[in-house]
Amino acid sequence: MAKKSDKSTEEVGQASEAQIAVHWREEGYYFPSAKFIGQANASDPAIFERFSEKNYPECFKEYGDLLTWDKYWHTTLDTSNAPFWKWFVGGKLNASYNCVDRHLKTDRNKAAIIFVPELEDDDTEVITYQELYARVNEFAALLQGFTSLKTGEVATFHMPMVPELPVAMLACARLGIIHSQVFGGFSGAACGGRIADSKSKVLVTMDGYYRGGVLQDHKVKADEAVARALEEGVVVEKVLVFRRNPGEYASKSPMVPGRDFFVDEIMPDYKGKLVEPVSMPAEAPLFIMYSSGTTGKPKGCQHSTGGYLAYVTGTSKYYQDIHPDDTYWCAADIGWITGHSYIVYGPLSLGTTSVMYEGIPTYPDAGRPWRIAERLGVTHFHTAPTTIRTLRKVGPDEPAKYNYHFRHMTTVGEPIEPDVWRWYHESVGKGEATIVDTWWQTENGGFLGSTMPALHPMKPGSCGPAVLGVFPMILDENGEEVKAGSGKAGNICIRGPWPGIFQTIWGDPDRFVATYYEKYNRNKKSTDWHDWPYFANDGAMQAADGYYRILGRVDDVINVSGHRLGTKELESAAIMVDAVAEAAAVPVIDDIRGHAVEMYIALKPGFSPDGVDEQVSRMIETEIGKVARPKSVWIVADMPKTRSGKIMRRVIASISNFTDVGDITTLANPEVVEDIRHYVQSEKVAHGEQPRELSEAELATIKGFGSAE
Ligand code: PRX
């Protein structure tokens, strides 16, 4: 039986998001064109039968068979150490071989990666599969010859969106070295914490990169990262620094002798060298990707080689509908899981052409993405709602000015408003492209919810049904199933594992079980997957037609422009400021970013509020990165608290969003609520912020906020 919530009603306050009945207008269907259906990789509904529950888990053989194995597996799914699932057991393969070498025979001179620099006058760089092979081998030789890294150890990357990043990833994969890429926009401190957690001896970085037309100093973050890692007891032996512009150095920070090395200076020794791909067991970790959750420390999601690669290859084939001759552009950052799975591993495993763009989509203007699409003949476009909202706001008429035609488009990372979806469909897709709204998470490796593009109609705002071989259910707090079409939301769970699921949290298997499985586990000793539903930490509801609508996180993670920010991480950063006694982070609904962060701060006695807002914002940028910078920092005399002393985040979240604060009679200090409301809302109005009506789903997020603790 599911564990009952042990929170008192007083602490939870109102019903959590997952319990709230959500009503919205059902949207109509949009259908793929006959032209699209005619060419799709999956156009025969028999595929659903092949992946039906009665064929689970053997159905995933079909994904495994998309790869080239050195040794074929003997067991598709091993559940003997549940919930630490093992896929394709006994199999051996190399991910770099699968993404590079195996395409040489037929496609050596096809473009593998087309790199578009942010400066529009700079030439695009076309890297053929043959050239990729050469570069991956050379960098693998360098890792082998110049560093002490061995198979099974971790290298941290803090790389921007440049082709050196996939090259370095594939070089690690070639040697069985686990890569851990930290989003380039994250701060040095955030990178350092991840280096320490993964015990990396080597950091791979770049001196600078272009953002908004300006060459950023990025190497300085490497120094901060190494210092932070050292504070946490981990020594980085070598920092390998690529140079963005050959022969120049984009950073003011000096190279540390004996520690920092320019890759271009050591590379001559390894030029032209070839390295045999190491045959890795299917369950060997391929990479770690850190993500936020309820508690302060980011979780290192560990992904496998065989299961992960099979899953991203299969979903790229059927859901991204990638064909070898396509020009596929996923505009995510490789620093996020989307980029790992659907810029690098999935598309390259299928031998297609993957486009990488360095910069921001609106540089130098909102026509840029469409000029790239026109020039390169892009067939697939993959991005997040936050980008679509921005492009719609600043350049609604831009797409029509350019002669490009997408066949397939993707939205990922946050719920998309139906209105925004329609603009994406009509203006960006010119009414021709089939859209998939893909729901998934860092932990999942690949898609969990999506329409099958040629076989299911699209419905704006809903991701669609579950993907092949994935069997979700929505559970209430007591473990009872919430039925499709009931109009009720609940916690979306997946009944059985799929090959892309992460293997564990790096170094913390107990947290892995506690976060994702404990809530609905039926028997801790069971080796039957039926007893271990995966708790996704998302609220969702299922319409009568079986389509899921994802409402957002139930674990107090704030989703800013598709980036997961943990409230605890934000709050821990804020209380590093001397004057701060208490801090609470809440989401405020934002028209472009989905959520923005607002911080509430109570000061230590005797400290002046002067400048504290800026200090808090800076500290958050230093500890996490610019992406986490709060929209506002509110300094209040006292936080609304329960009698047990817990800050009532839902109350301040309601104030920030101009919604009803709900029942506050059980608070220890209800009188502070009105003072805070008056102060915050009048400031907001004075700065031109207008209260706006929230959708039911947005309202549910605010009202349930803070209940996960
Ligand atoms: O809340 C869901 C939201 O993003 C979370 C996962 O974030 P992350 O691990 O950074 O991975 C993002 C890219 C896969 C989920 O728990 N989310 C993701 N995709 C969607 C979504 N919400 C609604 N619709 C989606 N398509």
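How many nonpolar, polar and charged residues does the shell around the ligand have?

1. The shell around the ligand has five nonpolar, seven polar and five charged residues. In this count Ala, Val, Leu, Ile, Met, Phe, Trp, Tyr, Cys and Pro are nonpolar, Asp, Glu, Lys and Arg are charged, and the others, Gly among them, are polar.

2. The model is predicted: local features need pLDDT of at least 70, side-chain atom pairs count only at pLDDT 80 or more, and totals for chains, interfaces and linings use all residues. Residues are numbered from 1 along each chain as its sequence is written, and side-chain values use heavy atoms, with hydrogens and water left out.

3. The ligand is surrounded by 17 residues, the closest being D437, T442, D538, R553 and R564. A residue is near a molecule if one of its heavy atoms lies within 4 Å of it. At least two residues of the shell come from each of β20 (434–438) and β25 (548–553). Strands here are DSSP runs (E, at least two residues) and helices are runs of H or I with at least four residues, numbered from the N terminus.

4. An N or O atom in the side chain of D538 is 2.6 Å from an oxygen atom of the ligand. A nitrogen atom of the ligand lies 3.3 Å from a backbone N or O atom of E414, and a polar backbone atom of P415 is 3.5 Å from a nitrogen atom of the ligand. The ligand taken alone exposes 540 Å², and the protein buries 96% of that. Accessible areas come from the Shrake-Rupley method with a 1.4 Å probe.

5. Four strands form an open sheet in the order β21-β22-β24-β25, with antiparallel pairing. Because β21 (472–475) and β25 stand at the edges with a single partner strand each, one side of each is left without a neighbour in the sheet. Strands pair if DSSP finds at least two bridges between them; β22 (residues 490–494) and β24 (residues 534–542) are joined by four. N491 has G539 in β24 as its bridge partner.

6. Two cis peptide bonds can be checked. One joins A82 and P83, with omega about 0°, and P83 lies in the loop between β1 (75–78) and β2 (86–89). Another joins Y363 and P364, with omega about -5°; P364 lies in the loop between β17 (353–357) and α14 (368–376).

7. S561, a residue other than glycine, has a positive phi near 50°. S561 sits in the loop between β26 (557–560) and β27 (563–566). With a relative accessible area of 19%, S561 is buried, where buried means under 20%.

Definitions and conventions. Polar contact = N/O pair within 3.5 Å; in protein donor to acceptor, adjacent residues only side chain to side chain. Buried < 20%, exposed > 50% of the residue type's maximum accessible area, 1.4 Å probe, protein only.
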